[in-house]
Amino acid sequence: MEQRLADLSARREEALHAGSEAAVERQHNRGKMTARERIDYLLDEGSFHELDMLARHRAHGMGVENNRPYTDGVVTGFGTIEGRRVCIFGQDATVSGGSLGEVHGEKIHKLMDLATSIGVPVIGLNDGGGARVQEGVVGLHYYGGIFRRNVQASGVVPQISVILGSCAGGAVYSPAMTDFIFMVQGSSHMFITGPDVVKTVTGEDVTLEELGGAMSHATKSGVATFVSPDEKACLDDVRYLLSFLPSNNLEEAPHVATGDDPERSCPEILDLIPASPNQPYDMTKIITAVVDGGEYFEVHAHWAMSITCGFARLDGRVVGIVGNQPSVLAGVLDIDSSEKAARFVRTCDAFNIPLVTFVDVPGFMPGTDQEYGGIIRHGAKLLYAYCEATVPRIQIVVRKAYGGAYVVMNSKSIGADLAYAWPSAELAVMGPQGAVEIVYRRQLAEAADPAARRAELVEEYTERYANPYVAAERGYVDGVISPADTRQVLIRSLNMLASKREELPRRKHGNVPL
């Protein structure tokens, strides 16, 4: 037995140092941690339990028979974050470049199956060279198995992808199907084809960073959910995100005693809304004034910025917040902002997180580029997401709520449980200026002084329609409230809605307007 234990110890030591010293040094020289260092940093100290440490690839393929390192380029196992269980894998760039072959893929399959069966989040630290060329089609087969498991786990357990190196070709599709993607500035890259191929095929000269860097995907494509300046900050953000998420779709998100008085008034909000309805302001300032401790964790903060989405707490309860952002394009809904919000709404609904929507929307973005790009179809995604959501849903109409965009932004007509409006709210088919031009076209044409008459009619229309009281009389909003009371009203409403149960019609699945 002593000999066997000694042999076991030697094998474990070999597995722990499977990557060569030169490879580890190269990793560190790039400002990157190794797979094990990342896992140790992310998880609670001493909580990691490794699985399949001694796995290594079968002796077949082109020239790999005499090179069979333990772990096969991926470290897998389970541990805890803030005492909560997670399953995690970290591709090890110091072993076979972190490339995926048969055994590497099997290890990830096993881990994902375990996470789904026990109902815990699965975190993937991606830093690999894609499919292992020497194993041919085998790697592609195991990528397919990962993709299928991503779909099976979707909406069941949170799936988080952390891109810590280059992720290219088919390898990008697993992260793309997970719930959240983290990237690091300067060292994370995602692309279907690299700069060289792009130049050969299209003649376009583009750098690696421009093509697939963190900020490119955070600002242009919307692929990156979060961007961090370095790896440690990135892993810190992963821990913070998990504090807002339940372990699975059958649980509630963690309740935290924040110490913020649920009856606290927010008089500072009164100074945030400009006197003129056409002046911009920052919606995130209103959100942070209302939520516990001013903590608002924004999702896709750099993309589709005319809408803001993120997680916060109200009286310790996690909520998902969606709000039009008047400081960017007047808060208009366009293709990207509709997709961004729709994705967020569906994520919150999948994981039992109530939704609070702050509305200040002048309409959908006009223009041929939007129409040709499919604004009708993409805007319908947000409409579909809200209509399908069964979690508690509350609407706060802050200012403009015009036309179809008002309906889409979680109105009572599409199933909001409760809707409130501030006195500054304007619920109408369109703004006063546009309405007067249409309704009173003949009067304006016949007026001796069209400009003066237009001003009179705009004032009259504003007084009669651009306010929340017609909607309140009809019951389209459940109450007109003081902005200072918003926090109190939201918390009381969420407490009342906590026992909400709603079942959708029996069906295989709906047909989202993709």
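Colleague: In what sense do β2 and β3 pair, and over how many bridges?

Modeller: They pair in the antiparallel sense, over eight bridges. Keep in mind that this is a predicted model. Strand β3 covers residues 84-91, and one of the bridges sets T76 against F89 in β3.

Colleague: How many residues lie between β2 and β3 in the hairpin?

Modeller: Two. E82 sits in that turn and has a positive phi of about 55°.

Colleague: And on the β1 side, how does β1 run relative to β2, parallel or antiparallel?

Modeller: Antiparallel, with three bridges joining β1 to β2. H49 is the residue that stands opposite F78 in β2.

Colleague: Is β2 largely enclosed or open, and why?

Modeller: Strand β2, residues 74-81, is largely enclosed by the rest of the structure, because seven of its eight residues are buried. Buried here means under 20% relative accessible area.

Colleague: What is the strand order in the whole sheet?

Modeller: The order is β1-β2-β3-β4-β5-β7-β9, seven strands in an open sheet with mixed pairing. The edge strands, each pairing on one side only, are β1 (49-51) and β9 (226-228). From one strand to the next the twist averages 20°.

Colleague: Which way do β4 and β5 run, parallel or antiparallel?

Modeller: Parallel. Five bridges join β4 (residues 122-126) to β5 (residues 159-163), and V122 has Q159 in β5 as its bridge partner.

Colleague: Which way do side chains point along a strand, in general?

Modeller: In a regular strand they alternate between the two faces of the sheet.

Colleague: How does the lining of the largest cavity divide by residue class?

Modeller: Twelve are nonpolar, 13 polar and one charged.

Colleague: Staying with α4, where is G105, and is it buried or exposed?

Modeller: Helix α4 spans residues 102-118 and contains G105. With 0% relative accessibility, G105 counts as buried.

Colleague: Now the second largest pocket. What volume does it have?

Modeller: Its volume is about 340 Å³. There are 17 lining residues, and L427, A428, V429, Y461 and Y465 are the closest to the centre.

Colleague: Which elements each supply at least two residues of that lining?

Modeller: Those are α15 (403-408), β16 (426-428), α16 (432-439) and α19 (469-474).

Colleague: And what classes of residue line the second largest pocket?

Modeller: The lining has 14 nonpolar residues, two polar and one charged.

Definitions and conventions: Residues numbered from 1 in each chain as written. Predicted model: local features only at pLDDT ≥ 70, side-chain atom pairs only at ≥ 80, totals over all residues. Heavy atoms only, no water. 1 Å grid on protein atoms, 1.4 Å probe; cavity = no way out; pocket = protein on both sides within 12 Å on 5 of 7 lines; lining within 4 Å. Points joined across faces, edges and corners; volume = space filled by probe spheres on them. Helix = DSSP H or I, 4+ residues; strand = E, 2+ residues; numbered from the N terminus. Nonpolar A, V, L, I, M, F, W, Y, C, P; charged D, E, K, R; others polar. Buried < 20%, exposed > 50% of the residue type's maximum accessible area, 1.4 Å probe, protein only. Pairing = 2+ DSSP bridges. Axes fitted to C-alpha atoms, helices over the stretch in contact; angles between N-to-C directions.
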